[in-house]
Amino acid sequence: LPNQSSDTALIAVDIGGTLIKLVYFENNVKVKGKQAVGGRLRFMKFQTSRLDECLEFIRSVKLPYSGGSAMGSAKVNLTMKATGGGSFKFADTIKEKLGVSLDKLDEMDTVVTGANFLLKQVPNESFTFAHGKRCHIEVNQKNLYPYLLVNIGSGVSMIKVLGNRNFERVTGTQIGGGTMFGLAKLLTGCTRYDEFLQLSQQGDNLVLDLIVKDICGELVCQKQGLSASTLASSFGKVISSKRELSDYKAEDLATTLLSAFTYNIAQVSFLVASLLKLKRVYFGGSYIRGHPSTMDNISYAIDFWSKGQMQAVFLRHEGFLGALGALLSYND
Ligand code: ADP
């Protein structure tokens, strides 16, 4: 990145509905006692509801424009690249508390720039996932576009990407990570996302989900060649049961929630990709969280619905697309 003196860091933030993603580029990095060429990118997340913790961190970092002093003591008028809806909502607060103005960037533009950068410049960034294993894929640089970018955050955005600054936000759905985790909080009492994901690993979705066999009976399934274990209705078993919420285990509720939302988002992604005749679907957003069964379910659904014609591809830095795109805009 240009115009950066040594011993300083460039920061960009993506302030979302749930999380603040922060990416910073450290110049003065020593690896094994030696000065690293080019520096190092660092990635951090904070709860948006805990903006103060994020500001505290930024205050502790030396920024290039602050004349070498820590931000807290900087007197000059500083600007920081920022994206996400919260960059509008919290601009005044940040100005007041940090003395920093936000240079606000278009959210979709930064997400696309970040994804393209990762796909083109970062080795081993993208991978497919099947049966619990990552399989790294080489991105064909000449044949990267067009692709569908599905960014699963609090809500979901679906973007047709044709190049840098060349994209269309085709559609999206408000039924996203925020919906799932909101319901999870109410139903399971989980307050931390990782706790919820862990819980979901220990549950059995068949306690709540209605499958084809439950409706037709095993014999009919066999006779008619129906797939007995196919999901017919997520949470559908609850209706005919006398059990109350407290009779269900939190882990079973968590498993059912995660699979219901994940399959649904994957299916909508498939439909959008089909309509646009796109074969490659890249998934980003903190919803995925590198979580094996989330990626397994997305991969399975895309493969199943497309009859093997489409592939779900994931990114190692899935949650930081917007923040990275914002950081790269220091180059503009
Ligand atoms: P946004 O920009 O809307 O905040 P993100 O891409 O950061 O979106 O994704 C937010 C979603 O990621 C949440 O809705 C939840 O599904 C998931 N998530 C991952 N990590 C966390 C976390 N630590 N706290 C809350 N939600 C998390």
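**Exercise 1. The ligand shell**

Which helix gives the largest share of the shell around the ligand? Describe the rest of the shell too.

*Solution.* 
- Step 1. Keep in mind that this is a predicted model.
- Step 2. Look at helix H5, residues 177-188. Four residues of the shell come from H5, the largest share.
- Step 3. Widen the view. The ligand is surrounded by 17 residues. Gly-16, Gly-153, Ser-154, Gly-177 and Ser-286 are the closest.
- Step 4. Sort the shell by class. There are 11 polar residues, five nonpolar and one charged.
- Step 5. Turn to the domains. Domain 1 (9-107 + 322-331) supplies at least three residues of the shell, and so does domain 2 (177-208 + 248-316).

**Exercise 2. H5 and its partner H9**

At what angle do the axes of H5 and H9 cross, and which residues meet?

*Solution.* 
- Step 1. Find helix H9 at residues 250-275. The axes of H5 and H9 come within 10 Å.
- Step 2. Read the angle. The axes cross at roughly 165°.
- Step 3. Apply the cut-off. Angles over 145 degrees count as roughly antiparallel. H5 and H9 are therefore roughly antiparallel to each other.
- Step 4. The crossing of H5 and H9 is right-handed.
- Step 5. List the contact. From H5 come Met-180, Leu-183, Ala-184, Leu-187 and Thr-188. They meet Ala-250, Leu-253, Ala-254, Leu-257 and Phe-261 of H9.
- Step 6. Sort this contact by class. It has nine nonpolar residues, one polar and no charged.

**Exercise 3. H1 against H3**

Is the crossing of H1 and H3 left-handed or right-handed? Work out the orientation first.

*Solution.* 
- Step 1. Locate helix H1 at residues 51-59 and helix H3 at residues 91-98.
- Step 2. Take the geometry. Their axes come within 11 Å and cross at roughly 45°.
- Step 3. Name the orientation. H1 and H3 are therefore oblique to each other.
- Step 4. State the hand. This crossing is right-handed.
- Step 5. Find the residues that meet. H1 brings Leu-55, Ile-58 and Arg-59, while H3 brings Ile-94, Lys-97 and Leu-98.
- Step 6. Count by class. The contact of H1 with H3 has four nonpolar, no polar and two charged residues.

**Exercise 4. H4 against H11**

How far apart are the axes of H4 and H11, and at what angle do these helices pack?

*Solution.* 
- Step 1. Find helix H4 at residues 107-121 and helix H11 at residues 321-328.
- Step 2. The axes are 6 Å apart, and the angle is about 90°.
- Step 3. Use the cut-off of 65 to 115 degrees for roughly perpendicular. H4 is therefore roughly perpendicular to H11.
- Step 4. Name some partners. H4 contributes residues including Glu-107, Val-111 and Phe-117. H11 contributes residues including Leu-321, Leu-324 and Leu-328.
- Step 5. Sort by class. The contact of H4 with H11 has nine nonpolar, five polar and two charged residues.

**Exercise 5. Two backbone details**

Which residues does a cis peptide bond join?

*Solution.* 
- Step 1. The cis bond joins Tyr-145 and Pro-146, with omega about -5°.
- Step 2. In His-131 phi is near 50°, a positive value in a residue other than glycine.

Notes. Residues are numbered from 1 along each chain as its sequence is written. This is a predicted model: local features need pLDDT of at least 70, side-chain atom pairs count only at pLDDT 80 or more; totals for chains, interfaces and linings use all residues. A residue is near a molecule or strand if its C-beta atom, placed from the backbone, lies within 6 Å of it. Helices (H or I, at least four residues) and strands (E, at least two) are DSSP runs, numbered from the N terminus. Ala, Val, Leu, Ile, Met, Phe, Trp, Tyr, Cys and Pro count as nonpolar, Asp, Glu, Lys and Arg as charged, and the others, Gly among them, as polar. Domain bounds come from an automatic or database domain assignment. Axes are lines fitted to C-alpha atoms, for helices over the stretch in contact, and angles run from 0 to 180 degrees between N-to-C directions. Angles under 35 degrees count as roughly parallel, over 145 as roughly antiparallel, 65 to 115 as roughly perpendicular and the rest as oblique. A crossing is left-handed if the near helix is turned anticlockwise from the far one by less than a right angle, and right-handed if clockwise. Two residues are in contact if their C-beta atoms, placed from the backbone, lie within 7 Å.
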